[in-house]
Structure formats: structure tokens, C-alpha cells
Amino acid sequence: MSKLKVAITLEAALLDQIDTLVRERRFPNRSQAIETALAEKLVRLSRARLARECEKLDPVEERRFAEEGLGEDLKSWPAY
């Protein structure tokens with residue numbers, strides 16, 4: 001995949017943290033550190049869709065749906 005050069009502006013403290021990771025050889029350079037962080041964040045955001053959709057659900061209504069019809073079933077279950 002081809003790569004394009006872009007310019008970004010970062011807070012000094014954030015850039016210091018990136019430089020520390022590069023000095024510790026956790027990344028070969030700033031670009032790789034930023035690219036990796038951005039890629040991981042984009043993956044997390046795409047996976048968060050299910051959580052966002054679940055937040056829209058009403059817990060009381062969902063419980064009612066889940067328990068619908070269980071009253072009759074419970075009477076037929078054997079005692080333990």
C-alpha cells in the first residue's frame with residue numbers, strides 16, 4: 001500500500017511521549033508510532049458500533065422481552 005506524507009500538529013507533551021517510545025526502540029520512528037496508534041484507534045472505533053447500538057436499548061423493555069413467556073415454563077420445570 002502506498003503511503004502519503006501529511007503534516008500534523010501535536011501537543012508538546014504528546015510528542016515527548018512519542019519520542020520516548022522511539023528512544024526506547026518500541027517504534028523505529030515517529031511516523032511509525034503515530035501510524036500504529038491511529039490504525040489501532042480506528043479499529044477500536046469500528047468495533048464500538050455494537051456498544052453504541054446497545055446503548056440505545058431500554059434495559060427494562062429488554063428484560064421484559066427476555067422473560068416473556070417464562071412464567072408458564074417455570075411451572076413445568078422440575079424442582080432441584
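Trainee: At what angle do helix 1 and helix 2 pack, and how far apart are their axes?
Mentor: In this predicted model, helix 1 covers residues 12-23 and helix 2 covers residues 30-47. The axes of the two helices lie 9 Å apart, and the packing angle is about 110°.

Trainee: Is helix 1 roughly parallel or roughly perpendicular to helix 2?
Mentor: Angles of 65 to 115 degrees count as roughly perpendicular. The angle here is about 110°, which therefore makes helix 1, relative to helix 2, roughly perpendicular.

Trainee: Is the crossing of helix 1 and helix 2 left-handed or right-handed?
Mentor: The handedness describes how helix 1 passes helix 2. For this pair the crossing is right-handed.

Trainee: Which residues meet where helix 1 contacts helix 2, and how many are nonpolar?
Mentor: Helix 1 contributes Leu 15, Ile 18, Asp 19 and Val 22. Helix 2 contributes Arg 30, Ala 33 and Ile 34. By class, the contact has 2 charged residues and no polar ones, and its nonpolar residues number 5.

Trainee: What pattern does the secondary structure follow along the sequence?
Mentor: The protein has 5 helices and 0 strands. Read along the sequence, the pattern is α-α-α-α-α.

Trainee: What is the radius of gyration of the protein?
Mentor: The C-alpha atoms fill a box of roughly 65 × 30 × 30 Å along the principal axes. A compact globule of 80 residues would have a radius of gyration near 12 Å, whereas the protein has 25 Å.

Trainee: What percentage of the residues is buried?
Mentor: A residue counts as buried under 20% relative accessible area. Of the 80 residues in the protein, the buried share is 5%.

Terms used:
Residues are numbered from 1 along each chain as its sequence is written. This is a predicted model: local features need pLDDT of at least 70, side-chain atom pairs count only at pLDDT 80 or more; totals for chains, interfaces and linings use all residues. Side-chain values use heavy atoms; hydrogens and water are left out. Axes are lines fitted to C-alpha atoms, for helices over the stretch in contact, and angles run from 0 to 180 degrees between N-to-C directions. Helices (H or I, at least four residues) and strands (E, at least two) are DSSP runs, numbered from the N terminus. Angles under 35 degrees count as roughly parallel, over 145 as roughly antiparallel, 65 to 115 as roughly perpendicular and the rest as oblique. A crossing is left-handed if the near helix is turned anticlockwise from the far one by less than a right angle, and right-handed if clockwise. Contact means heavy atoms within 4.5 Å. Ala, Val, Leu, Ile, Met, Phe, Trp, Tyr, Cys and Pro count as nonpolar, Asp, Glu, Lys and Arg as charged, and the others, Gly among them, as polar. The radius of gyration is taken over C-alpha atoms; the globule rule is 2.2 Å times the number of residues to the power 0.38. Buried means under 20% relative accessible area, exposed over 50%, partly exposed in between (1.4 Å probe, protein chains only).
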